[in-house]
Amino acid sequence: MARHIYVHNPFCARKCPYCDFYSITKTELCEEFYKAAVREAELIGSVISDPAGTGSISGNNDKDTIYFGGGTPTLPDSRLICELLGALRKAFNIASDAEITLEANPSSVNAEKLSECRQAGFNRISLGVQSLDDGVLKTLGRLHDSQRAIDAIGEIKSAGFSNISADLITGVPGQTVEGILSDVKTFKELGIKHISTYSLSIEEGTAFFDRYRKTIEELVPPETEREMYHRTREYLQECGYETYEISNSAIPGFRSIHNSSYWNSCEYFAIGAGAHGYIGDMRYGHRDDVASYIEEMKSITSQEYKEFIEGKKGDLKSLYAEEILSEEDKMREVPFLRLRTTEGILLDDFLRRFGVEFEEVFGQAVKTNIEKGLLERKERTLRLTRSGLDLANIVIEDFL
Ligand code: SF4
């Protein structure tokens with residue numbers, strides 16, 4: 001069975017004004033944090049090598065994956081990043097053809113660091129470009145400009161990476177559709193294989209919330225934001241990228257296997273403060289607190305960790321069970337996860353997994369949304385229509 005591991009690096013050089021991810025700028029804790037993460041990798045290793053333990057990593061993605069996300073995973077010294085990857089490969093006995101992704105920030109990479117990471121085994125880079133328009137990058141409060149992003153892509157390629165993803169943010173005040181399409185064109189010319197597009201959301205607790213919460217709809221009317229989404233999606237297609245999920249498009253053969261494992265309800269381990277995982281019936285998390293994470297990883301025994309992962313122990317200092325899923329919960333997660341994909345809900349997969357037809361469980365929600373033109377059935381699949389894509393969250397709510 002394939003194994004999937006998510007590592008959360010919670011450090012950033014500076015907090016971006018729109019960001020509501022867990023990240024801190026206290027980089028003096030990096031060294032200790034990475035030591036703690038190595039310890040957690042070893043703890044998981046001891047759990048999964050125990051035949052009586054949780055060794056049954058399930059899922060239908062056939063390749064192992066490791067994903068270093070954040071935060072800014074390329075901020076720490078490459079020695080720390082590479083040591084942790086080494087510990088993970090050893091503890092999980094990761095296959096040699098695994099997809100191993102490092103999220104990178106243009107302002108925190110250089111040729112030497114990238115080359116060391118490539119040699120350590122990373123084979124995919126997800127670069128947080130966000131935009132190639134300097135005005136948009138300034139509005140977003142990013143540390144890099146467009147030239148630095150383009151130079152970073154050159155350094156990534158020179159280091160030997162060919163599987164490169166880039167992030168784009170849409171719906172930024174002052175941004176134009178033409179600007180976004182021009183960014184996509186440049187990405188294509190630079191050989192970027194995967195593009196993730198995210199709409200800017202204004203979340204409470206961010207600096208943007210105070211700045212834009214009252215004006216965002218005047219600055220970027222919802223219809224403009226939707227036009228950006230659809231025109232970008234059409235243009236991605238014209239450039240040879242297949243959109244396989246609401247926010248993700250790839251040149252054939254370059255879909256993110258790690259992200260697909262989430263939408264396929266695969267189990268995955270999580271490492272690091274702020275990371276979330278899914279093992280057995282349990283969705284679990286690490287509290288957003290680096291200090292308590294470091295402290296806990298120093299003292300926790302492998303027996304305690306094993307009991308937590310098996311769902312036998314309640315909350316620990318930094319680890320907590322978010323939800324123990326019943327069979328009904330697992331069924332409800334299928335539309336929640338699969339309707340975001342262009343493949344949609346695979347009715348035969350659902351029947352195989354739960355022993356019941358999807359429409360026996362969700363008949364009413366299916367009927368209502370097909371009648372509204374938001375959902376369509378094609379042979380043994382159910383997926384969102386073009387109008388359904390704009391109202392994805394509302395459609396999904398009908399299934400919860
Ligand atoms: S670099 Fe990314 S994770 Fe860090 S503050 Fe900015 S948006 Fe958030």
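How much space lies in the largest cavity? In this predicted model, the largest cavity holds about 40 Å³ of space.

## Cavities

The structure contains two cavities of 30 Å³ or more. The residues lining the largest cavity are Thr197, Tyr229, Thr232, Arg233, Leu236, Thr243, Ile246, Ser247 and Ser249. By class, this lining comprises three nonpolar, five polar and one charged residue. Helix α9, which spans residues 222-238, gives the most to this lining, with four residues.

The second largest cavity has a lining made up of Ser131, Asp133, Val136, Gln175, Thr176, Gly179, Ile180 and Asp183. Two of these lining residues are nonpolar, four are polar and two are charged. Here helix α6, residues 177-189, gives the most to the lining, with three residues. The volumes and the helices concerned are set out below.

| Cavity | Volume | Helix giving the most to the lining | Residues given |
|---|---|---|---|
| Largest | about 40 Å³ | α9 (222-238) | four |

## Packing of helix α1

Two packed helices are described by the angle between their axes and the distance between the axes. Helix α1 (residues 30-48) packs with helix α2 (residues 78-92) at an angle of about 5°, and their axes lie 8 Å apart. Angles under 35 degrees count as roughly parallel, and α1 and α2 are therefore roughly parallel to each other. On the α1 side, the contact is made by Cys30, Glu31, Tyr34, Ala37, Val38, Ala41, Ile44, Gly45 and Ile48. On the α2 side, Arg79, Leu80, Ile81, Glu83, Leu84, Ala87, Leu88, Ala91 and Phe92 take part. The residues of this contact divide into 14 nonpolar, one polar and three charged.

Helix α1 also packs with helix α12 (residues 302-309), in this case at an angle of about 70° with the axes 9 Å apart. Angles of 65 to 115 degrees count as roughly perpendicular, so α1 and α12 are roughly perpendicular to each other. Glu40, Leu43, Ile44, Ser46 and Val47 of α1 meet Ser302, Tyr305, Lys306 and Ile309 of α12. This contact has five nonpolar, two polar and two charged residues. Ile44 of α1 takes part in the contact with α2 and also in the contact with α12.

The peptide bond leading from Gly70 to Gly71 is cis, with omega near 20°. Asn93 belongs to the loop between α2 and β3 (99-104). Although Asn93 is not a glycine, its phi is positive, at about 50°. Most residues other than glycine have a negative phi, and most peptide bonds are trans.

Note on methods
Residues are numbered from 1 along each chain as its sequence is written. This is a predicted model: local features need pLDDT of at least 70, side-chain atom pairs count only at pLDDT 80 or more; totals for chains, interfaces and linings use all residues. Side-chain values use heavy atoms; hydrogens and water are left out. Axes are lines fitted to C-alpha atoms, for helices over the stretch in contact, and angles run from 0 to 180 degrees between N-to-C directions. Helices (H or I, at least four residues) and strands (E, at least two) are DSSP runs, numbered from the N terminus. Angles under 35 degrees count as roughly parallel, over 145 as roughly antiparallel, 65 to 115 as roughly perpendicular and the rest as oblique. Contact means heavy atoms within 4.5 Å. Ala, Val, Leu, Ile, Met, Phe, Trp, Tyr, Cys and Pro count as nonpolar, Asp, Glu, Lys and Arg as charged, and the others, Gly among them, as polar. On a 1 Å grid over the protein atoms alone, a cavity is a set of points where a 1.4 Å probe fits but cannot get out, and a pocket is an open set with protein on both sides within 12 Å along at least five of seven lines; lining residues have an atom within 4 Å of a point. Grid points are joined across faces, edges and corners, and a volume is the space filled by probe spheres set on the points.
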